[in-house]
Amino acid sequence: MGEEKDRQRVKNLVNLNKANKEKLSRIAGMGKIHAMELIRYREKHGGFKKLDEIDSISGFDTILAEKVKKNLYIG
């Protein structure tokens, strides 16, 4: 049962370097404004190299950053 839950969680992860505003904004705790901040950062820096870069983006406090990172991956 644990393996199935892990597979489902991985399947639901969002690719931070490819997701559009709508897909990003559906992540728990994040709305369209935060999604646009991620996209602006991504475009300015040529994509994310690691999830911890979210910590430095305006509007993402530690709690929100940790919450959304659980739902993202770098691809």
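Trainee: If buried means under 20% relative accessible area, exposed over 50%, and partly exposed in between (1.4 Å probe, protein chains only), how does Lys 69 count?

Mentor: Lys 69 counts as buried, because its relative accessibility is 9%. Please note that this is a predicted model, in which local features need pLDDT of at least 70 and side-chain atom pairs count only at pLDDT 80 or more, while totals for chains, interfaces and linings use all residues. Residues are numbered from 1 along each chain as its sequence is written, and side-chain values use heavy atoms, with hydrogens and water left out.

Trainee: What about Asp 55 and Lys 69, how far apart are the closest N and O atoms?

Mentor: They are 3.0 Å apart, and the pair is a salt bridge. Because Asp 55 lies in the loop between α3 and α4 and Lys 69 in helix α4, this pair ties together parts that are 14 residues apart in sequence.

Trainee: And where is Glu 66 relative to Lys 69?

Mentor: Both are in helix α4, three residues apart, so about one helical turn separates them. Glu 66 also forms a salt bridge with Lys 69, with the closest N and O atoms 2.9 Å apart. Together, Asp 52, Asp 55, Glu 66 and Lys 69 are linked in a network of salt bridges. A search of the whole structure finds four salt bridges.

Trainee: Changing topic: what pattern does the protein chain follow along the sequence?

Mentor: The pattern is α-β-α-α-α-β, which comes to four helices and two strands. Of the 75 residues in the protein chain, 35% count as buried.

Trainee: How many residues are in the largest nonpolar core, then?

Mentor: That core has 18 residues, and Leu 24, Leu 38, Ile 54, Phe 60, Val 68 and Leu 72 touch the most other members. The elements giving two or more residues to the core are α3 (32-45) and α4 (62-69). α3 supplies the largest share, four residues. A nonpolar core is a set of buried Ala, Val, Leu, Ile, Met, Phe, Trp, Tyr and Cys residues joined through side-chain atoms within 4.5 Å.

Trainee: What does Leu 24 touch?

Mentor: Leaving out residues up to four places away in sequence, Leu 24 touches several residues, among them Val 14, Met 30, Leu 38 and Leu 72. Contact means heavy atoms within 4.5 Å.

Trainee: Back to α3: which of its residues are buried?

Mentor: They are Ala 35, Leu 38, Ile 39, Tyr 41 and Arg 42. These residues cover an arc of only 160° around the axis, which puts them on the same side of α3. The arc is that of the directions from the helix axis to the C-beta atoms. What covers the buried residues of α3 includes α2 (21-25). The face turned away from the buried side carries the exposed residues Ile 33, Glu 43 and Lys 44.

Trainee: And what comes just after α3?

Mentor: Gly 46 does, with a positive phi of about 70°.

How values were computed. A salt bridge is a side-chain nitrogen of Lys or Arg within 4 Å of a carboxyl oxygen of Asp or Glu.
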